[in-house]
Amino acid sequence: MSDPVLSIRNIEKSFGGIRAVRGVSFDVHKGEVLGLIGPNGSGKSTLFNCILGQLAPDAGEVSVNGRSVAGMRASQMNRLGVGRTFQQLSVFPKMSVLDNIILAGQEHHGTMLSRLFGAPDAGLTGEAERMIAFFRLTHLRDELAGSLSYGQQKLVDAAMAFMAGPSLVLLDEPAGGVNLTMLSHFKERLSAYNAEHGTTFVVIEHNMEFVMSLCTRIIVLAEGAVIAEGSPDEIRANQTVIDAYLGG
Amino acid sequence: MRGLSVRDVWRSVAIALLLVAAILLPIGQKNYIIYVLTSWLIFTIAAMGLNLTLGYAGQISLAQASFMAIGAYVTALLTLAGWHWLAALPPALIISFVVGLILGYPALRVKGHFLAFVTLAFNTLVFLVLRNEDWLTGGTYGLSGMPRPDFGLFSTDKHLPFYYFTLGITVIAALALWGIVRSPWGRAFKALRENPVRAESLGVDTRRVTLLAFAIGSVYGGLAGALITPLVQFIEPGSFGLAHSLRILLMVVVGGAGYFFGPFIGAAVVILLPEVLRFTEGYYLIIYSALVIVMLVFVPSGLIGVWGRLKAKVWPKQQVRTDMAEGAGLQ
């Protein structure tokens, strides 16, 4: 098997006396779509924030493409090839959809000076239009992102995460608050992107149907520890997982 | 990128007409009117800088007058020492840039009201240095007798040539700012204002962008100060106190923060409107203050935002919610 895109080793994180994450380890390989699920308070978000550097783990190591990301800022991680979406709406509301997408790619092109004296679009309009078309937002290209529906803004958020061609994308509750029609479209686009580009996804999600149909592998957390790991079918049939969700 | 849109053409025509008006406006006017018009241009430059820092990048600053002071005093000291204004300008701008960069550092840690107080304290600090270090700044007596630039065939000693000289500098400064806000830097400034966490996650180095927003805005303050020196030919600390920073802030807010032409309109309201209202004699300041309050209450997005609001009311946009249309089986 190839080297992992994301490697988590013995991550520990406590808040006061509460151990939110207890020695979690796993690898995610190129092209995988990994679902990270668990009941409320299981430590998913804490682990997610430790991966993204927003929380410093008490122990353990996170590596992306073989490189430790300890102490890295979000912008440095992005340049390392890590894209992300946010649980809450996270577009730039007073900028057009096109400008949102161009912004997501511009820092990966040229130098500071070339970005000042070069083309206003950093030569990215064509690429941004292709990304907009991929998410079927072409008719909204020049609209202000803040004027779009919730689901459309989620699509713009995802398009931004993919614009720089990341090797790893972390999706934080992508299905939250999205209506069923848009959700089906969103899932189909994520699967298509994964198939076309072989990008690795890590998805935190509460919507089981969404996770089961999108992910190729699922890790279940409960009380900060991994209690199960396997394919969607294996997880569905796992009694420990059922007990954890039902409080058994 | 696509070619010029109809909107771009209209905008270009409007700018050309305004430029012609700015050229013709002072002809045949008394010296005082030309002086006021020149002040309008200079404060427009200062407000352009604050508009970049506050309007585009979302970083509050109550210290723009202190950068005018830095530009004004550096230019004054050097021109009094025999330097030509053009030679004195680069040091004035470089020092403004560096001090602006340093002032930007607190913005990496504090936001909103707290940042406002940090910049307010900086403005007070600069004022105190100018007042107390009289061996350098002349203290409360200030500095006087600074020459206006002479370019051989074109001397700016008289008010009208100095107005055109200032207009030329204003146009250059505006073009430079237009280039910045249209560039990827401008996009990064707006991203910093709207959602710094998301911007950082997309690779934007928000620390560097914050510092640049302060530093470039300060350069515009320094440039305005470098022009005030030969205009007034007398500078003293009181001309660069907190009240003046608040006036520049008022120009940005009244004109429309984050709109390119906002500072031109805002500076016109703050500098020119009181002069226009002088016919009301003792009431002009009361009327002026009332008008400003009415504007801020009813047009919080600034005067330049009025057009957008009118347009939205007269020609409301119809947007198809395709997701809902699909859900309802309409597509």
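This is a predicted model: local features need pLDDT of at least 70, side-chain atom pairs count only at pLDDT 80 or more; totals for chains, interfaces and linings use all residues.
Helix α2 of chain B, which comprises the 26 residues 31–56, reaches 36 Å from its first C-alpha to its last, a value close to the 38 Å expected at 1.5 Å a residue. Within α2(B) there is a kink of about 35°, and this kink is centred on B:Leu50. The helix is mostly covered, since 20 of its 26 residues are buried, and just after α2(B) the residue B:Gly58 adopts a positive phi of about 75°.

Where the two chains meet, 22 residues of chain B are in contact with 35 residues of chain A. On the side of chain B that touches chain A, the elements giving two or more residues are α8 (184–194), α9 (196–201) and α15 (322–327) of chain B, and of these α8(B) gives the most, with 6 residues. Sorted by class, this side of chain B has 6 nonpolar, 6 polar and 10 charged residues.

The largest nonpolar core contains 165 residues, of which A:Ile101, A:Ala159, A:Val203, B:Phe43, B:Ala46 and B:Ala224 touch the most other members. When residues up to four places away in sequence are not counted, B:Phe43 touches B:Ala224, B:Ile248, B:Met251, B:Ala267 and B:Ile271.

In chain A, strand β3 (residues 33–37) is largely enclosed by the rest of the structure, because 5 of its 5 residues are buried. Both faces of β3(A) are covered, with A:Val33, A:Gly35 and A:Ile37 buried on one side and A:Leu34 and A:Leu36 buried on the other. The strand is joined by 4 bridges to strand β8 (residues 200–204) of chain A, with the two running parallel, and in this pairing A:Val33 stands opposite A:Phe201. Strand β3(A) also pairs with strand β9 (residues 217–222) of chain A, again in the parallel sense and over 4 bridges, and here the bridge partner of A:Ile37 is A:Val220.

Note on methods: Residues are numbered from 1 along each chain as its sequence is written. Chains are lettered from A and ligands numbered from 1 in the order in which they are written. The expected span of a helix is 1.5 Å times one less than its number of residues. The bend at a residue is the angle between axes fitted to the seven residues ending there and the seven starting there. A residue is buried if 20 or more other C-beta atoms lie within 10 Å of its own, exposed if 12 or fewer, and partly exposed in between; C-beta atoms are placed from the backbone. Two residues are in contact if their C-beta atoms, placed from the backbone, lie within 7 Å. Ala, Val, Leu, Ile, Met, Phe, Trp, Tyr, Cys and Pro count as nonpolar, Asp, Glu, Lys and Arg as charged, and the others, Gly among them, as polar. A nonpolar core is a set of buried Ala, Val, Leu, Ile, Met, Phe, Trp, Tyr and Cys residues joined through C-beta atoms within 7 Å. Two strands pair if DSSP finds at least two bridges between them.
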